[in-house]
Amino acid sequence: METEQVIDQEREEREAFAGVLRFYELAKRQEWQVRDLPWGELPPIPEGKGSDVRKARRRDMWRSVLTQQLQADMLACEMASQLLNIAPDPEAKLYYSTMVQDESRHTEAWLKLIHEAGGMAERDPYLDSLAHMTLDADTLEEKVFLMQVFYERLIIPRFRMIARSSRGTVLEDLCNRLAIDDGIHHGAGMAYERVLLEGAGRSVHMTLVDAANRLLPLFAKHALWRPKAREFIGALMRETDIRMLKEDLENGVRLAKSLGVDVSGIELPY
Ligand SMILES: [Fe+2]
Ligand SMILES: [Fe+2]
């Protein structure tokens, strides 16, 4: 009788991972290769019109956009490998093995694209801090929450925005692929976080609220940060940026709520 109960309990625990395994299968099906991008058929980034000075300024702006995305994916490699290493559940390890490969492939694609677009530009200091906050977080629940529930969901609209303003380029193609991949990363994180939070006490929930309150102001700074090359566009875009940011942050809070986290303690920076 007792043995049966133990087996039943184990089976139930494993069944909770069905969601994570679904994303593992999906990730394998969606895998693509850097060589699949339209290199040589389409321009790497929008070419721009007008004088040489104007074109050079546009190119610098695009190099800056690409640099931030490269930086984000290099950091994502570190975070995904940390999750692969520390997640105790075999189902989660299977899934994270695909995420490490995804983030490495994203990095490879950005490196190639930046090379074709004329080289790297300035790094975003806030993005480094965001990544370190996740890498240094104490618990697995916090790491999955910060990285997959929040960050990977919040950047998807940004890929869509870049794709919309770079029609007919390799960059557009890449951003469309990344929006799908990060949708899977986010979905898998939600599924895993749900398992991790099952039966978790109030203290775990409180650490997540604290983690969100540390992440959100920094995410806002990252979202509104503009390097020299994009300052001229930053001023024009500020209102749109703030509106998008507000929507993104509210969405993040809704997601946290759907995981059963008491979000009344979360403070929005806007
Ligand atoms: Fe990525
Ligand atoms: Fe990702």
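Start by selecting the iron ion (ligand 1): its donors are spaced D-x29-E-x2-H along the chain (donors being N, O and S atoms within 2.8 Å of the metal, or 3.2 Å for Na, K and Ca; water is not among the atoms, so sites may look incomplete). Before you click on, note that this is a predicted model, where local features need pLDDT of at least 70, side-chain atom pairs count only at pLDDT 80 or more, and totals for chains, interfaces and linings use all residues. Residues are numbered from 1 along each chain as its sequence is written, chains are lettered from A and ligands numbered from 1 in the order in which they are written, and side-chain values use heavy atoms, with hydrogens and water left out.

Now show the side chains of D73 (OD), E103 (OE) and H106 (ND1), which coordinate the iron ion (ligand 1) at 2.0 to 2.2 Å.

Finally, select α2 (residues 18-30) with α4 (residues 90-117): they pack at about 25°, axes 9 Å apart (axes are lines fitted to C-alpha atoms over the stretch in contact, and angles run from 0 to 180 degrees between N-to-C directions). So α2 is roughly parallel to α4 (under 35 degrees).

Conventions:
Helices (H or I, at least four residues) and strands (E, at least two) are DSSP runs, numbered from the N terminus. Angles under 35 degrees count as roughly parallel, over 145 as roughly antiparallel, 65 to 115 as roughly perpendicular and the rest as oblique.
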